[in-house]
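Please consider the structure shown here.

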Amino acid sequence: MLAFDEQSRWMSPIDRVGDRAKVLERIASIRAEGRTDMAPALKKAFLALHEAFAGQKHILVLTDGISHPADFEALAERIAKTGITISTVALGAEASRPLLEDLARIG
């Protein structure tokens, strides 16, 4: 689990979920604050998953999608070409739904 705003930080390593309560506690500790720079976080998640030994690799993005500009289409295409899938969840009434829908469609 990778949390991000202008910086990203690992909240939990890529691994099987052992202690569900601990993972839920880490999720609950994430606060929406600061500006969003989603591209570096997506790249970090992609690189970590690309190196991981797992049968299924999936990125689940929960965000308002209001981010610093980036070539998200090219990034999503790069991720998809490796077999890693992407799903998105739009958070907030003013979420950038077109961007998040594009990421999910491509990924």
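Predicted model: local features only at pLDDT ≥ 70, side-chain atom pairs only at ≥ 80, totals over all residues.

Residues are numbered from 1 along each chain as its sequence is written, and side-chain values use heavy atoms, with hydrogens and water left out.

The largest pocket holds about 1,600 Å³ of space. Its lining comprises 49 residues, of which Met1, Leu2, Ala3, Leu60 and Leu62 are the closest to the centre. On a 1 Å grid over the protein atoms alone, a pocket is an open set of points where a 1.4 Å probe fits, with protein on both sides within 12 Å along at least five of seven lines; lining residues have an atom within 4 Å of a point. Grid points are joined across faces, edges and corners, and the volume is the space filled by probe spheres set on the points. At least two lining residues come from each of strand S1 (2–4), strand S2 (8–10), helix H1 (20–28), helix H2 (38–51) and strand S3 (58–63). These elements are DSSP runs numbered from the N terminus (helices: H or I, at least four residues; strands: E, at least two). By class, 27 of the lining residues are nonpolar, nine are polar and 13 are charged; Ala, Val, Leu, Ile, Met, Phe, Trp, Tyr, Cys and Pro count as nonpolar, Asp, Glu, Lys and Arg as charged, and the others, Gly among them, as polar.

Ser12 lies in the loop between S2 and H1. Ser12 is classed as buried because its relative accessible area is 12% (buried means under 20%, exposed over 50%, partly exposed in between, with a 1.4 Å probe and protein chains only). Not counting residues up to four places away in sequence, Ser12 touches Met1 and Arg26, contact meaning heavy atoms within 4.5 Å.

The loop between H1 and H2 contains Ile30, which is partly exposed, at a relative accessible area of 32%. Beyond residues up to four places away in sequence, Ile30 touches Met1, Ala3 and Met11.

One salt bridge is counted, defined as a side-chain nitrogen of Lys or Arg within 4 Å of a carboxyl oxygen of Asp or Glu. The side chains of Arg105 and Asp102 form a salt bridge at 3.3 Å, N to O. Both residues lie in helix H4 (residues 97–106), three residues apart, about one turn of the helix. Arg105 is exposed, with a relative accessible area of 59%, while Asp102 is partly exposed at 36%.
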